[in-house]
Amino acid sequence: MATTPPQTMTMQVSGKIGLAFALLTAILLLSISLYSLIVDVILKFNLYGILIDLIFLVIGIFLGYFSIRVYKKSVYYESLVNSAFDEGVYTRLEPVLRKIAETSVEMEDLESRLNRIDRKVQTVIDEQVKAEPHSEVEKMLVPGTSMGFVVKTIFLTIPFMPPPPDFAHIQQT
């Protein structure tokens with residue numbers, strides 16, 4: 001069963017760029033409306049201009065407040081998803097990863113032991129090849145036995161051999 005990578009609830013780059021432009025627009029709107037409000041109140045009193053400046057000031061405040069709030073929520077949800085992933089998935093994967101690491105160590109140990117056994121066998125084979133047999137009889141002997149062993153075996157076998165069969169009782173036809 002193929003699994004898909006987990007999708008995190010991160011804000012896309014376009015959403016972050018949009019929030020940055022909204023915040024920049026809010027700051028620009030606030031600064032322009034504050035400047036216009038100061039001009040309308042101090043330099044030339046204009047009630048109609050003051051009302052428009054206050055409306056744009058409120059719009060800028062709301063735009064800045066909501067863009068900051070959306071950004072905070074996205075950061076909060078992103079951290080919430082990451083912590084849930086860390087706590088949920090990593091705690092379930094940790095025993096599996098630990099078992100994989102233990103198996104890897106055991107395999108390396110087994111590989112080193114097999115390499116040592118291979119070197120020992122190769123050494124024994126090299127020793128057998130170096131020790132050249134002196135006669136045809138020794139070539140026929142099983143590796144690891146000596147000519148003395150074969151002779152002793154033959155001499156011990158002879159006394160315990162059964163007697164030859166008696167063919168006198170068989171009638172010839």
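The expected span of a helix is 1.5 Å times one less than its number of residues. The 31 residues of α1 should therefore span 45 Å, and the end C-alpha atoms, 44 Å apart, agree with this. The model in view is predicted: local features need pLDDT of at least 70, side-chain atom pairs count only at pLDDT 80 or more, and totals for chains, interfaces and linings use all residues. Residues are numbered from 1 along each chain as its sequence is written, and side-chain values use heavy atoms, with hydrogens and water left out.

Remain on α1 and select L19, A22, A26, S33, L37 and D40, the buried residues of this helix. Buried means under 20% relative accessible area, exposed over 50%, and partly exposed in between (1.4 Å probe, protein chains only).

Next, display the whole chain. It has 4 helices and 0 strands, in the order α-α-α-α along the sequence. Of its 173 residues, 9% are buried.

The term denotes a side-chain nitrogen of Lys or Arg within 4 Å of a carboxyl oxygen of Asp or Glu. The structure holds 1 salt bridge. E94 and R98 both lie in α2, 4 residues apart, which is about one turn of the helix. E94 is partly exposed because its relative accessible area is 41%; R98 is likewise partly exposed, at 47%.

The next stops are surface patches, made of residues with over 30% relative accessible area and no salt bridge; like charges are joined within 9 Å, and nonpolar side chains (Val, Leu, Ile, Met, Phe, Trp, Tyr) within 5 Å. Accessible areas come from the Shrake-Rupley method with a 1.4 Å probe, and for residues only the protein chains shown count as cover.

- Select V89, Y90, L93, V96, L97 and I100: they form a nonpolar patch with about 540 Å² of accessible area together. I100 lies in α2.
- Select E102, E106, E108, D109 and E111: a patch of negative charge gathers here. Asp and Glu count as negative and Lys and Arg as positive, while His and the chain ends are not counted. The place of a charge is taken as NZ of Lys, CZ of Arg, CG of Asp or CD of Glu.
- Select R113, R116, R119 and K120, which form a positive patch. R116 belongs to α2 and is partly exposed, with a relative accessible area of 41%.

Conventions:
Helices (H or I, at least four residues) and strands (E, at least two) are DSSP runs, numbered from the N terminus.
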